[in-house]
Amino acid sequence: MRDRNAPLASRTPIRQSPRVTQPLKKPLSFQRMILTLHDYWSEHGCLILQPYDMEMGAGTFHTATTLRALGPKPWNAAFVQPCRRPTDGRYGENPNRLQHYYQYQVILKPSPANLQELYLGSLAAIGIDMLKHDIRFVEDDWESPTLGAWGLGWEVWCDGMEVTQFTYFQQMGGFDMKPVAGELTYGLERLAMYIQDKDSVYDLAFNDAGVTYGEVFLENEQEMSKWNFEVADTDSLFDQFRKHVAECENSLSHKLPIPAYEQAIKASHIFNLLQARGVISVAERQAYMGRVRDLAKGACAAWMDKHGWAA
Amino acid sequence: MTDFLLELRSEEIPARMQAKAREDLARLFSAELAKAGIATSDIVTYATPRRLALIARDLPIETAAVSEEVKGPKTSAPPQALEGFLRKTGLTREQLVDRGGTFFAVTEKPGRATADVLAEAIPAIVRAFPWPKSMRWGDASASTESLRWVRPLQGIVALLGETIVPFEIAGIASGAATLGHRFHHPYQITIGGAHDYVEKLRACHVIVDQDERATLIRDHAREAAMQAGLELIEDEGLVAENDGLTEWPIPLLGRFDPAFLDVPPEVIQLTARVNQKYFVCRSADGTLANAFVCTANIAAHDGGAKIVEGNRKVLAARLSDAKFFYDTDLKVPLAEQAEKLEKIVFHEKLGTVADKVDRVAKLACWLVEEGIVTSAPLSFRGGAGGGASPHSLTSVSAGGPHPNPSPEGEGLADLAERAARLAKADLVTGMVGEFPELQGLMGGYYAAAQGEHPAVAAAIRDHYKPVGQGDDVPTDPVTVAVSLADKLDTLVAFFAINEPPTGSKDPFALRRAALGIIRLVATNDIRAGVRSVIEAALGRLSRDAVKATLHPDEQYWADDWYNASLTPYPYQLLDNGEPFRMQENGGRSYYAQELSAVIKYVVAFQQHTLERAGDVFAFLTERMKVQQRDAGVRHDLIDAVFALGGEDDLVRLLARVHALQAFVTTEDGKNLLAGYKRAANILKKEAPASSPAKAGAQGPGGDETWEGAGLDPRLRGGTEGEGVHNPLSYTPEPAEAALQSALDSAEPRATAAIAAEDFAAAMAALASLRAPIDAFFDSVIVNDPDPAKRSARLALLERIRAAVHNVADFSKIEG
C-alpha cells in the first residue's frame with residue numbers, strides 16, 4: 001500500500017511549483033491540454049488508461065472507476081472518456097451543448113490527504129493563474145441512481161463556470177467504500193473554451209496547426225442528434241434493451257461480473273436513446289432506471305463476491 | 001482566568017451549513033465543559049469555508065475540587081444492603097461515614113487542569129458533531145468506523161492562553177499552526193492565542209468573522225452598483241451564501257448583453273441567483289438593468305477584469321438557455337400544453353394533474369355562479385359594520401346588488417374557468433422544467449403574450465398566492481376564484497382519500513392551503529357558509545372515494561345512476577313500489593337488486609361527504625385559531641368566539657374576534673366583563689342545585705344543560721329578540737326594576753348591532769348594564785325564599801348572560 005503513495009508524498013507542494021506564477025504564454029490546444037493532464041497525473045503516480053470502448057454517459061461508468069473503486073486495493077488512474085448523452089444533442093446549433101463530449105477522469109484510492117492541492121496543481125499546469133482567476137469549491141453532492149452510488153464533494157468553479165466535479169465516493173453499487181476514493185471529473189471542452197477564450201465549442205483549436213473542434217465533430221453532432229431524436233428505430237432499441245438485460249443476467253449466473261457490467265452499461269445507453277426518442281413515459285422511466293440499477297448493482301456485488309470482499 | 005482558541009480547519013464546508021455548525025459548536029462546547037464543572041459565559045464562534053473556530057474567554061486554569069456524596073442504606077439495614085452499597089461504590093466499610101444512622105459514601109474529587117478537560121472534550125465534540133451530512137476519507141476510511149466530518153478535516157489549532165492543548169483526532173495532532181488564504185497566503189502561520197487569531201488571519205487574507213464578511217459583501221456590492229449608476233437589488237440570502245463561499249470577499253460588477261432583457265426579469269434574476277449566486281441591479285427607472293454583481297474570493301492582480309469577463313460569459317450561456325426556453329414555450333399555446341397534464345400523476349389515488357385542473361375549473365366556475373366570489377369592489381360588499389343584511393350571502397347570490405358581474409362585460413364565471421383550465425399548463429413548459437419556482441409566473445407571461453384576457457393572465461400568474469405568511473393575497477376576482485378553488489380542491493381531495501396532516505407531517509402542504517383559504521376569504525370579505533362550500537368542493541371526490549369501495553357491478557349501477565339521476569333519493573323509489581318490480585328513474589329502469597346498489601352508493605356518498613366536510617371544516621377552524629394566536633390575539637378571546645359553534649361564516653367569525661380583542665381592554669370592555677361575571681357566577685352557584693325545572697329533568701350535560709333547558713320556559717319566554725318581558729307577579733325592588741329596564745333598552749340595541757355585524761356596538765350597549773348590575777347585587781337578594789322572586793331574578797340574570805353570549809362566550813375570557 002505504501003508504494004502507491006510514494007510518488008504523491010514525495011513531491012514538493014504544488015503551489016510552490018513555478019507553474020503557478022508563470023502562466024503559459026500561448027493557450028493550450030485541446031489535444032495539448034489532454035497531453036498536459038496525462039503528463040501531470042502520470043508524474044503523480046496515476047496509470048494513464050485509454051477510454052472504455054463502449055458508449056457511456058459519464059467517465060464514472062468506466063470499470064476503472066466503478067469496479068476498481070470497490071474493495072481495499074489501492075488504485076490510481078487517469079483517462080479520457082468520451083461521454084454520450086443523447087438528450088443533450090442540439091444538432092450542432094448550441095455553442096455549449098453536445099450529445100458527445102469528453103471527460104477527463106482521475107480516480108485515486110484511498111483519497112490522498114492533499115487531493116485538493118494536487119487538483120489545483122493540474123489547473124496551474126494547464127495554464128490557469130489562480131491569482132487572476134477565481135477558483136471556488138461549491139457544495140455539490142454527487143449521486144448516480146443508475147450505479148447505486150453517491151459521494152460528497154464540490155463542483156469547482158473557475159470565474160463562475162463549473163469546470164470540474166470533485167467527489168469523495170462514499171458508496172458504489174450500494175457498497176460502502178473501504179477505503180474512500182477521490183474522483184475528479186474535468187469537463188474538457190468547457191475547460192478548453194475557458195483557456196482558449198472561445199464562445200463556441202466548435203471554434204476550439206483542436207491542435208496547434210489550425211484544426212478546430214468543429215472540423216472534427218460538427219458533422220458528428222448534426223447526424224447523431226438527428227438519429228438520436230428522430231431516426232433510431234425504437235422497436236429495435238426496446239428489443240436490444242431486453243437482450244442486454246437478459247445477457248447481463250446470463251453473465252451473472254456464470255459469476256462473470258465484468259461481462260455482466262458491460263451489458264448493464266449497454267442497457268443504460270439504450271435506455272438513454274429511448275429517452276431521447278421520447279418513447280418512455282414519466283411513469284415508466286423510474287422502472288427502467290430501477291432495472292439498470294439492479295443490473296449494475298448485481299455486477300458490483302458479483303465483483304465483490306469474486307474477490308472475497310465483505311460488504 | 002485565560003482564553004481558549006479552537007480552530008477546526010477542513011476542506012470547503014458547504015455555505016448553508018456554516019451558521020448551524022457555529023451554533024452546534026458553541027452548544028456542545030458549553031455542555032462538555034459544564035460536565036466537568038466549568039461554566040462558559042463568553043463564547044464567540046466563527047465560520048469560513050475552510051474553518052470552524054471558537055474562542056471561549058475567561059476560563060479558569062483548573063476546575064474546583066468537589067466533594068460528592070452518595071446516600072447509602074441505614075446502619076440498621078440488613079448486611080446484604082450494605083454489601084451491595086460497598087460493591088456499587090467500590091469502598092470499604094471503614095471509608096463510609098455514619099450520619100444520623102445512615103451510611104454515606106463521600107468522594108473527594110480534586111480539581112482538574114482545564115487543559116486536561118479540553119483535551120478530552122474537543123475530541124468528543126468532533127466525533128459527535130451533528131453535521132447534516134458527513135463523510136469518510138483517506139487511508140483511515142478502510143474502516144467504516146473512521147472519523148466522519150463534513151469534508152476532510154485538515155488541521156486543529158487548540159490554544160489555552162498561549163499553550164497548545166495537546167490531543168489527537170484521527171491522526172491529526174492539535175497545534176498552533178494554520179494556513180492563510182488558499183491562494184493569497186497558502187503557507188503556514190503560527191497563532192499566538194485567542195488574542196491574535198483574528199488579526200493574524202486578516203494579515204494573511206482571511207476575514208474569519210462571518211458578520212464582517214457579510215457587511216463587506218453588502219456594502220461593496222451596493223457601492224459597485226452605485227458607481228455604475230444603478231441600484232443593487234438587495235438579497236440577504238445571497239449575502240449569506242457568498243459569505244459562506246469566501247474568506248476574502250470582493251464584489252465585482254459586470255454587464256451582460258441587453259438583448260437578454262427580452263426575457264422576463266424574474267427569469268434573469270433567478271438564473272443569476274440560483275445558478276451563479278450573483279446579485280442583479282435596477283436602473284434609475286426601476287427596471288432590471290443589464291448588470292450583475294458577483295463576489296470573488298480573491299483580490300485579483302488585474303483588479304478582477306478576467307474574473308468579470310469569465311463570469312459574464314457563464315451568465316450569457318445561462319441566459320441564452322433561458323431565452324431559448326422562453327422563445328420555444330411562447331410558440332406553444334397554453335391550451336395545448338395543458339393537454340400534456342394528462343400524463344402527470346397528481347397523486348395515485350387522485351388521478352392526474354389534468355383531473356385536478358378539471359375539478360378546479362368547475363369549482364372556480366361554481367364559486368362565481370353561486371355569488372361567493374363576485375366582481376364587486378370591496379366597499380360595496382356587506383361587511384362588518386357595513387350595515388348590510390347579516391345574510392349577505394343570499395342577497396349577493398341573487399345578483400341584485402351587483403348588476404355588472406365583470407368589468408369588461410365578459411362573464412366572470414367564464415373567465416375564472418378559462419384561467420383555471422390554463423393555470424397549471426406551464427408545469428410542462430421548458431422554463432418551469434428548468435426553474436420550478438417560476439410556476440404560475442411563466443404561465444402568466446405566456447398567457448398574456450398569447451392574447452388571453454388580462455384577468456386570465458393575472459389569475460394564472462397569481463393563483464398560487466398567498467404562499468408564505470407575508471405573501472400578497474390576491475384581490476382580483478378571477479384570481480380569487482381560481483386560487484380559492486385550487487386550494488379548496490387540494491385540501492378536500494387529501495381529506496377525501498384520508499390523508500390529512502398528522503403531527504409534524506404535512507407532505508401535501510395542507511396547512512398552507514388552509515391558511516391560504518382563510519386569508520383569501522378574510523381579505524376579500526367572502527361571505528359564505530364555508531361548510532356548504534366544502535361540501536360542494538368534495539362532490540366528485542367523495543363519489544370517487546366511495547365508488548372505489550364498491551363491487552365492480554355495483555360501480556356500474558352507481559355510475560349509471562349518477563349519470564341519469566333525477567332524484568338524489570333512490571330509496572324513495574323502493575319505499576313506494578314493489579321490491580321486485582322495475583323502477584323508473586330518468587327514463588331508465590332498475591331492478592331492485594340494482595337499485596339497492598345505487599342506494600348503498602348514495603347513502604355512503606352522502607355520509608362520506610358530510611363526514612369529510614366536517615373534518616375539513618374542523619381543520620380549517622383549527623388553522624384559523626392558530627393563525628389568530630400567531631397574530632397576537634389572546635387565546636382566551638379566540639376560544640370565547642369559537643365556543644359559539646355553528647358559525648361557519650369565517651369573515652363574521654374573524655370580525656367577532658377582532659371586535660372582542662379591541663373591546664375587551666377598553667373601559668366598556670372591563671365593565672361588560674365584570675357585569676357578566678357577577679351575573680354568571682351567581683347563576684353557576686345558585687341555579688343548578690335548586691332550579692325547580694332542573695329538579696325534575698336532570699340532563700346528562702350537568703351544569704351546562706341548565707343554561708338553556710333547565711330554566712322554567714315561562715320565565716324565559718319573550719326574552720329573545722323583541723326585548724319585551726313578562727310582567728312579574730310581585731313588585732320588583734327599585735334596583736331590580738332598574739336593571740330590567742336597562743336590559744329592555746340595551747338588549748334590542750345589542751341585537752340590532754349584531755344583526756348589522758357591529759359587534760363593538762353590541763358590546764358597548766351591553767356594557768351599559770354594569771352600573772345597574774352592581775346596584776342590583778348591592779341591594780337585591782337573588783336567593784329569595786319566595787320561589788317566584790328567585791326564579792324571576794335568576795331569569796333576569798340569564799337574560800343578561802344570553803345577550804352577552806350572542807357576541808361571544810364570555811365565560812372563556814380570563815381576568
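Two strands are taken to pair if DSSP finds at least two bridges between them, and strands (E, at least two residues) and helices (H or I, at least four residues) are DSSP runs numbered from the N terminus. In chain B, strand 5 and strand 6 (residues 102-109) meet this condition, pairing in the antiparallel sense over 3 bridges. Within this pair, B:Val97 has B:Phe104 of strand 6 as its bridge partner.

The structure is a predicted model, in which local features need pLDDT of at least 70 and side-chain atom pairs count only at pLDDT 80 or more, while totals for chains, interfaces and linings use all residues. Residues are numbered from 1 along each chain as its sequence is written, and chains are lettered from A and ligands numbered from 1 in the order in which they are written.

Chain B as a whole has 31 helices and 20 strands. Of its 815 residues, 41% are buried, that is, with 20 or more other C-beta atoms within 10 Å of their own C-beta, the C-beta atoms being placed from the backbone. Among contacts in chain B with a separation of 6 or more, 68% come from residues 24 or more positions apart. The pLDDT, the predictor's confidence in each residue from 0 to 100, averages 84 in chain B, and 86% of the residues score at least 70. Over residues 377-409 of chain B the pLDDT is below 50, and this stretch has 42 contacts in the model beyond near neighbours in sequence. Residues 689-724 of chain B also have a pLDDT below 50, with 38 such contacts.

Turning to chain A, strand 3 (residues 100-109) has 9 of its 10 residues buried, so it is largely enclosed by the rest of the structure. Strand 3 runs antiparallel to strand 2 (residues 75-84) of chain A, to which 10 bridges join it; A:Ala77 stands opposite A:Ile107 of strand 3. A further 6 bridges join strand 3 to strand 9 (residues 182-187) of chain A, again antiparallel, and A:Gln103 stands opposite A:Gly187 of strand 9.

Finally, the two chains meet in a contact that takes 35 residues from chain B and 34 residues from chain A. On the side of chain B that touches chain A, strand 16 (288-296) and helix 8 (305-330) each supply at least two residues. Helix 8 of chain B gives the most to this side, with 7 residues. The predictor gives the complex an ipTM of 0.90 and a pTM of 0.73.

Key
Buried ≥ 20, exposed ≤ 12 C-beta atoms within 10 Å, placed from the backbone. Contact = placed C-beta atoms within 7 Å.
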